[in-house]
Amino acid sequence: MACKSASRLITTLVACLLPLAAGAQIYTWKDANGRTHFSDQPSAAADAKPVRGNIVPLDEETPRTASSAPKDAKASGPKTWEDQDRDFKQRQAEKAEADAKAKKEKDAKNQKDQYCSSLRSNLAMLERGGRVSKPDANGEPNFLSDNQLKSEADRVRSQIAKDCK
């Protein structure tokens, strides 16, 4: 038993002393070529200055910008259920909006098709000739002359050309 407690004591002491060894001083300096160096030993040839904080070595392919800080932990990790629920509700809202827009466009197309169909039907009736009447201001039928039929047919044709392409 004494051996186990001694080994636990030694392990605990080593674990406590490791951060002290890891917290060694780091120095930085620039050489004659202008390159910056980092080391745990100060340079005798150059004016080495101690560095405070954590130093993350950069390899040559890593861009040296201020934005090279680590990304948000949330962005790289799995999403929480709240994030998933919010995303799901957002997708549902977007789908509902797209469905409403599609329905509105479909209704507008159907309405235009009915309007154009009505214009074509009126044009066919005007081109057939015969007795055609339009109600006057009092609602009484007013029969159109041949010239009035022709001008009304021309008006309907231009309306069809304008609205029913």
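Predicted model: local features only at pLDDT ≥ 70, side-chain atom pairs only at ≥ 80, totals over all residues.
What covers the buried residues of helix 4? Residues are numbered from 1 along each chain as its sequence is written, and side-chain values use heavy atoms, with hydrogens and water left out.

The secondary structure of the chain comprises four helices and five strands, where helices (H or I, at least four residues) and strands (E, at least two) are DSSP runs numbered from the N terminus. Along the sequence these elements follow the pattern α-β-β-β-α-α-β-β-α. Of the 165 residues in the chain, 12% are buried, buried being defined as under 20% relative accessible area, exposed as over 50% and partly exposed as in between, with a 1.4 Å probe and protein chains only. Among the contacts in the chain with a separation of 6 or more, 31% are made by residues 24 or more positions apart, a contact being a case of heavy atoms within 4.5 Å.

Helix 4 has 18 residues and spans 26 Å from its first C-alpha to its last, close to the expected 26 Å; the expected span is 1.5 Å times one less than the number of residues. Its buried residues are L149, E152, A153, V156, Q159 and I160. Seen down the axis of helix 4, these fall within an arc of 120°, so they line one face of the helix, the arc being that of the directions from the helix axis to the C-beta atoms. N147, K150 and K162, on the other side of helix 4, are exposed. The cover over the buried residues of helix 4 includes helix 3 and strand 4 (133-135).

Within helix 4, L149 is buried with a relative accessible area of 6%. When its neighbours within four places in sequence are left aside, L149 is in contact with L126, G130, V132 and L144. L149 and L126 are 23 residues apart in sequence, and their C-alpha atoms are 6.2 Å apart in space.

L126 is also one of the buried residues of helix 3, which include D83, D87, C116, L119 and L123. Helix 3 has 48 residues and reaches 70 Å from its first C-alpha to its last, close to the 70 Å expected at 1.5 Å a residue. Just after helix 3, G129 takes a positive phi of about 85°.

The structure holds one disulfide, a term applied to a pair of cysteine sulfur atoms within 2.5 Å. This disulfide is formed by C116 and C164, with their sulfur atoms 1.9 Å apart, and the link is left-handed, with -100° about the S-S bond. C116 lies in helix 3 (residues 81-128) and C164 in the segment after helix 4 (146-163), so the pair ties together parts that are 48 residues apart in sequence. Both cysteines, C116 and C164, are buried.

A further side-chain arrangement involves R131, whose charged end sits over the ring of F143 at 4.1 Å from its centre; the criterion is that NZ of Lys or CZ of Arg lies within 6 Å of the ring centre and within 35 degrees of the ring normal.
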